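Dear colleague,

I am handing over the structure we discussed, and below it you will find my notes on what came out of the analysis. Please read them with the model open beside you.

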Amino acid sequence: MPPTNGTNGSHPDRKLVVVQQSGGNDYLNSVVPYTNGHYYDFRAHTHHDPEDVLKIDDTLAFGPTMGPMKELWDEGKVAVIHGIGYPQPNRSHFRSMDIWHTAEPVEISQEGWLGRVVRELDPKGENVLSAVNFGVGLPRALGCDGVPVASVGDLATYGLFPDLQDEWLRKYALEAFAKMYGAAAGKEAVMGFLGQTGADALKGADILRTAPERYSSTIEYAGNGIAKSLRDAAQVMFADFGARIFYTQHGGYDTHAGLKTAHPQLWSELAPAVSDFMDDLEEHGHADDTAILIFSEFGRRVRDNGNGADHGSGGVAFLVGNKVRGGMYGEYPSLAEKDHLDGDLHFNNDFRGAYSAIAEKWLGLDPAPIVKGHFEAFDLFE
Amino acid sequence: MFDLEYVKTIGGGRKIRPYDMAFAADGSIYVLNHATGFGAGRFTVCNLDEDIIAELPDDAGDGAFAQAVSLAFDSEERMFVLDEAKSRVTILDRQARFLDRWGEPGSAPGQLDRPSALRFDRNGDCYVSDQMNHRVQKFTPDGRFLLQWGEYGSGPGQFDMPWGLNLDSRGDVYVADWRNDRVQKFTPDGQFIASFGEPGRGDGQFDRPSCVVVDDGGYIYVGDWGNERVQVLDPDGGFITILRGQATLSLWASRFIDSNPDEKRTREASNLYPSLPPELESPFHASSQTEPYFFGITSLHLDDQGRLYVVESRRQRFQVYQTG
Amino acid sequence: MSEDIALMAHLMRRAGFGASRAELERHAARGYEATVEWLLRPGDPGDFAEDIAKRRAVGFDEGGAAFELWMVRMIHTNNPLEEKMALFLHSLFPVQYMSQGRALLNQLDNFRRHAFGSFRDLLLALSRDPAMLLFLNNNDNHRDAMNENYGRELVELFSMGVGNYTESDVKQCARAFTGWTLGNADYMAVRAGKNSFDPYGSIAWHFEYRPDDHDDGSKGFLGESGPFDGEDICGIIARQPAAARFICARLFLFFASDDIDDEGRKAIDDMVETYYESGYELRAVLRALFNSAYFKSDAARFARVKAPVELVIGAVRMTGASPTPGAGSAGANGASAAMGQALFRPPSVEGWHEGKEWIESGALVQRVNYVAALFRDADKPGVRDIIDRIARSNGGVYSPEQAIALCLDLIGPVTASQETRDQLLEFAARQGSVDLRDPDADDARTRIAQILALITAAPEYQFA
């Protein structure tokens, strides 16, 4: 039997899918200010030519390889959140990503904002599959003591002791495993955490293993990593295990070099993957209750360094979904040099506002304990 | 007088991944690729003018080859392919269609343990370098065991993981005794005649020799794998010269460079013979940094015009030299 | 189980990848401090494995399979601490694979060369490492167009940490490294960016200094000023108390414990003192650590979560799962990647988050499945050895209790909780006593292997 849904929050069917663009997605070449002379001045070597970009209004355009995002935009399903960041920006990948993950710009914290979301959604930790990470390694955003999270490297081979052919032996081994980790879960510190993780893994494993066989779809995803991760997410979502939070990462955005080659290449993987995932949601009746957040730890410097751009601060995030109120949110920060913050676009939009909107308007949760305060939230949802 | 002259390079452009080769009677070159994919079959048939005549499939009769390492034609122009991982010989026709196979893993006479080279003598029988059994075995073309010699060790007639072998015009057998850093010479029935070389980087020394070929004048060409070079010895094993490699752009490589202007431009501004810091001066490092040098020599061949072919497994090509 | 053996097992889990009982007995006979000295002075690592790997898997070391070759080295090396230090330094100075596997293997050689030498020399070697230079774009750090990526990470992530330098120090540091690049940098960068292996396979990278592109003006760095170049910068950094504490704390966290408590802080203080006394020598610092009362204490045992590479290599070594290296190394690299640690694919330039962060449910499933499957095979040489040792004691017949005790001892020794022992016992008792007297007692041998496999699935086994 699949576990029951968590009960908190007023919209028990709604799901959030998070796509993390690791490395610092370049804002200027993702949402291109193609009529702004400063863009061509500062990005002398790495700008996209106006005839190549995908225009979305009189001043802004998506990068040349973001076609499927443009189509979703045209359908009114994409919110572009401009100038997103936080005060006193940190240009270290590690620290800045931690800040986004924990929603704590000042204090170092181990507790992830989505971990807190899951704790609110399912306070008793009844569903080990409330949050599922797709990919290798668990992001800090999902980390929270006492909150179970399943992490799936490869959905097709998920489970314990798959090599044990003897059914009885496997049953006994699984029983022993359950009891050993159950006992450890009552202990302190790391051993307790390990015990709980083992117990959760066991509960989640046999359930998750059934997802691929239940899945059938006409959508053909590409073979790259992000497409595969989103396909795995779709399989788990459609199997109705009560999963609410889906997390995945797309790496390689640290374009100190290759802003004209690697960066468009990344979007040429991500944009179709998101679009295919949306089509899959539509086909399976989940499109109206799923929202996708796409974010990165920071944007990149305004002035390029030749063929790339270094770590910056103010960036861009995207929210995608049928019930997302498509459009522009916030102002594109000024590109004029006098307005820069140490050579960066000046953020004008705290990311915790976007988190608040998601928590409150989408998941029906009180945002204050999740983002640790009150932040102005855009009206991102219909 | 002994003379050697660079002729050309064939390969690159993702056309071949050669490990061994053999000449057909019509002069075409059959390349055995250690990896397939990106358009290359298990065998690529080409000629000295760099025309690709055919790509032949990867069919060992029961699926793909696991680790095909040695190729030779018998007197009826059938291809004999040695699969190191499966310890067996597969026989194909010239279109690489499966005909037959023999050999099985083991250490009894006639059995094989990761064999690494196969060459025919003039009578149509073949010698196999039986790597992990540290011996050489002789078979009829249909796989009947004839004789064997050698055992593990470093004394005369002993081996430590023999790799390549070849025969001279009299039928004497030369074995690249890989981990003993030497080449040994035997009579056709395995009587020890001589041993050439010792471990080292100097003239006449070897580091893990992989292959050997002997010309009609008795000159011995040794693929000095670990030293990333070819050494030429006189018929008595005396040192003559060393080749380091001097590859130039093949026809296929030129086409690649011409169609990729960013690489062409930056390549033209590059020094392909860089001077290296001291920690990278070993032959292996020098070859890994210096594209024209030999890198990963796995087999040597002489055609009927006295041309020497040096197969470089790590550079997707072979270099051709004129001897005489 | 003797205390000598338990202590030696602890040392070998930390300074190596674990050891079989026969190895532990050899080390114990030599003595603890002598074994530490042996670890600190690597001899010939043995080239057999690499020779075979290079020969059988052509180009193994060129493309993205380079890390397989490193796995082969870790599995077969005679110098476990040397490889452990290479792993430590890869975690501390992580680079991503960028189409050039050989450059990464050369970087590891660079690390091995400096693993026991001075921290200053190590930083200098790192600053001349072509893979690092390209990874952090120092090939784009020019006299007239600075790229501060390497300069920043050197002080932030590689030597001192945030709070010990100013933004100005970062810029001046980057200036000092202008002109530090790799040979044929433009061509190599184009190829790396396109993952180009054409026309003739990959070309490895080497360091090149371009005086014409170096900014030799005066720089103010960490309170000193002068026309510094990168070598001066490394010297200045190595003198900083922040650097001493940084490298000693990182070594402590890697080799001693996932957490630093008050006792740990004292141990680090001693390491810092040794750092200065020895002229920044890492061998001396490691010696101080391994010989410290803290390291040998009970509190330090099983106080680290095994990193995936440690877990995988430890299991492959102990079971003898890769007796002769071939194209694969028992799937070691793929397994480690699935557990969250793909060599040369760290999540960021900051490296892996270690300790508790290795533990998540998906990774745990991978850990348990991979190791249990190795130990479940009674024909693996290392498993066979353990079973043979068991068969030689106690007349060859065992109650379930005795079998569990022997298995826990010989696979570690592993200290298991009462609850874990109860479960192991219940599992073993379902099949009654074990009789190993008949050498062909396949069924009994398989049952021992099943117990060993279950031990590796236990919570305790996840700790080193």
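Of the 464 residues of chain C, 61% count as buried, a residue being buried if 20 or more other C-beta atoms, placed from the backbone, lie within 10 Å of its own, exposed if 12 or fewer do, and partly exposed in between. This is a predicted model, in which local features need pLDDT of at least 70 and side-chain atom pairs count only at pLDDT 80 or more, whereas totals for chains, interfaces and linings use all residues. Residues are numbered from 1 along each chain as its sequence is written, while chains are lettered from A and ligands numbered from 1 in the order in which they are written.

Along the principal axes, the C-alpha atoms of chain C fill a box of roughly 80 × 55 × 40 Å. Chain C has 24 helices and six strands, both taken as DSSP runs numbered from the N terminus (helices H or I, at least four residues; strands E, at least two). Its division is into domain 1 (99-300) and domain 2 (381-462), with bounds from an automatic or database domain assignment, and the centres of these two domains of chain C, over C-alpha atoms, are separated by 46 Å.

Chains A and B do not touch, their nearest C-alpha atoms being 12 Å apart. Between chains B and C, the contact takes 31 residues from chain B and 20 from chain C; helix α12 (residues 185-194) of chain C gives the largest share of the chain C side, four residues.

Finally, in chain A three strands form an open antiparallel sheet in the order β2-β4-β3, where strands pair if DSSP finds at least two bridges between them. The edge strands of chain A are β2 (31-32) and β3 (54-55), each pairing on one side only.

Best regards

Note on methods: Two residues are in contact if their C-beta atoms, placed from the backbone, lie within 7 Å.
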